Amino acid sequence: EEDAALLAGWAEGEDRAPVRRPAPVLAIVGRPNVGKSTLVNRILGRREAVVEDTPGVTRDRVSYRATWAGRNFTLVDTGGWEYDAKGINARVAEQAELAVEFADAVLLVLDATVGVTAADEAIVKMLRKVRKPVILVANKVDSPQLEVEATYLWSLGMGEPHPVSALHGRGAADVLDAVMEVLPEFSAVAETELTGGPRRVALIGRPNVGKSSLLNKLAGSERVVVDPLAGTTRDPVDELIELGGRPWRFIDTAGIRRRVHMAQGADFYASLRTQAALERAEVAVVLLAADEVLSEQDVRILQLAVDSGRALVLAFNKWDLMDEDRRYYLEREIDRDLAHVAWAPRVNVSAKTGWHKDRLVPALEKALESWDTRVPTGRLNAFLGEIVAAHPHPVRGGKQPRILFGTQASSRPPRFVLFTTGFLDPGYRRFITRRLRETFGFEGTPIEVSMRVRE
Ligand code: GDP
Ligand code: GDP
């Protein structure tokens, strides 16, 4: 019956999937050892489906999809920072500030058994300036007897301290309820750009690949409008750049232009900024340096882009430095390391000379067109019928799973659901994915194929 309902819901002619409005963002901040990670696990552990299953990025991931009381939000964990001995207070505040920049609300965690330290005070001072809703967690209140310790935290002037034991779960539900009261329905950082308007581009890549050079080159000869978003004190700044006769919104160009020098945790910030930019973008341009060997960091950034589900264009910069030798090796590197994103259009550019900069727009347009694509259910099932007839699923243990029906559940990016009589082999699923690409194109967009097994 559930299947029938799903089928009805995805019947032919149903409207396009709406633009996914970004979920609100909650940042968890606090000095080391107060219990942030424990609290994050507690929040994520409440339900099994809340942790996004994205293999390969666990190491660097700093934001999580979470759910409470039926509402989705993004949890930004600032626990991954490294600290150095000197200047720790300033550093803690500085780091919290960056996380908070992208947040709609803040969970400030303190250790009630220790009380207020100088590092806590540094964070509080920063939070006063950014004027975002703050929920105060008095952690390590493992028993009712300890609750009195929490009351001392009223002195911070940050409102009511919520006594919590992240370790045992005590009080966690109350805190989340309080969070839900202050979190907006959708992320305010992205509020201005939900429907229509210029298409949104995240230009990402490791330091020194030429992001700011390319941005300058693109903007230089064209009209540039610096477009700060209203509503927050330290806004990421977008730029509207006219290319190919229409404006494009380049996301968080402040992050590209501003040289942030932070020795400790620099990767962490870069990762956070990249994820925040991707969250707001529709298409990512991953910039790579053609003259250098693909680095681990390049691969990681690329993975963030792929995992974000945004349309993707690969741009190889510094092409002016290329010679025949390097070209040969580059092709081999691409075959070896970028095979999993062979579907992304590639452009070779030189930010220095401006060579091929006009190739970027057609690639962006192509990728976005694919990202928006919706395959009608009738066409999809004709396609499935043909490939299943020509290449049936191999028999496994006397059984042969069949595909009953397929539908595209959403676009941006295209997501397909196959209704089957049993689990399809991963190899068979890959085969179908490949055929989907061969048949419908999808150049520049990730696609997703999932199954629903009818027992
Ligand atoms: P972080 O550095 O802020 O992420 O802190 P962690 O989550 O790593 O916790 C630091 C230490 O405090 C760990 O040993 C935790 O087990 C402990 N801890 C965290 N929450 C609680 C709590 O609610 N009660 C008690 N007693 N210990 C806790
Ligand atoms: P970002 O850190 O990614 O913003 O990189 P930048 O734009 O600051 O560039 C880093 C360095 O690479 C600078 O010295 C640029 O002049 C240089 N650069 C950027 N693009 C090119 C290019 O296309 N060709 C050459 N030869 N150098 C480039």
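**Figure 1. The shell around ligand 1, sorted by class.** By class, this shell holds 8 polar, 4 nonpolar and 3 charged residues. Here Ala, Val, Leu, Ile, Met, Phe, Trp, Tyr, Cys and Pro count as nonpolar, Asp, Glu, Lys and Arg as charged, and the others, Gly among them, as polar. That makes 15 residues surrounding ligand 1, and the closest are Gly35, Lys36, Ser37, Thr38 and Leu167; a residue is near a molecule if its C-beta atom, placed from the backbone, lies within 6 Å of it. Helix H2 gives the largest share of the shell, 3 residues. Keep in mind that this is a predicted model: local features need pLDDT of at least 70 and side-chain atom pairs count only at pLDDT 80 or more, while totals for chains, interfaces and linings use all residues. Residues are numbered from 1 along each chain as its sequence is written, with chains lettered from A and ligands numbered from 1 in the order in which they are written.

**Figure 2. The whole protein, before zooming in again.** You'll find 14 helices and 16 strands here; helices (H or I, at least four residues) and strands (E, at least two) are DSSP runs, numbered from the N terminus. Of the 455 residues, 39% are buried. Buried means 20 or more other C-beta atoms within 10 Å of a residue's own, exposed means 12 or fewer, and partly exposed is in between, with C-beta atoms placed from the backbone. Take the contacts between residues at least 6 apart in sequence: 73% of them join residues at least 24 apart. Two residues are in contact if their C-beta atoms, placed from the backbone, lie within 7 Å.

**Figure 3. Leu26 and the nonpolar cores.** The largest nonpolar core has 92 residues, and Leu26, Leu108, Val137, Val286 and Val313 touch the most other members. A core of this kind is a set of buried Ala, Val, Leu, Ile, Met, Phe, Trp, Tyr and Cys residues joined through C-beta atoms within 7 Å. Neighbours within four places in sequence aside, the contacts of Leu26 include Phe73, Leu75, Val76, Ala103, Leu107, Val179 and Leu183. There's also a second, separate core of 9 residues, with Leu380, Ile403, Leu418 and Phe442 among them.

**Figure 4. Two asparagines with positive phi.** Asn33 sits in the loop between strand E1 (25-29) and helix H2 (36-45), and its phi is near 80°, a positive value in a residue other than glycine. Asn33 counts as exposed because it has 11 other C-beta atoms within 10 Å. Asn208 is in the loop between strand E7 (199-204) and helix H7 (211-220). Phi of Asn208 is positive too, at about 75°, though this residue is not a glycine. With 11 other C-beta atoms within 10 Å, Asn208 is therefore exposed.

**Figure 5. The cis bond at Pro413.** Look for the peptide bond from Arg412 to Pro413: it's cis, with omega near 0°. Pro413 belongs to the loop between strand E14 (403-410) and strand E15 (415-420).

Figure 6. Glu443 lies in the loop between helix H14 (426-440) and strand E16 (448-453). It has 18 C-beta neighbours inside 10 Å, so Glu443 is partly exposed. Leaving out neighbours within four places in sequence, Glu443 is in contact with Trp343, Pro345, Lys366, Ala367 and Ser370. Ser370 is 73 residues from Glu443 in sequence, but their C-alpha atoms are 6.1 Å apart. Phe431 is in helix H14 and is partly exposed because 15 other C-beta atoms lie within 10 Å. Phe431 and His391 are 40 residues apart in sequence and 9.7 Å apart in space, C-alpha to C-alpha.
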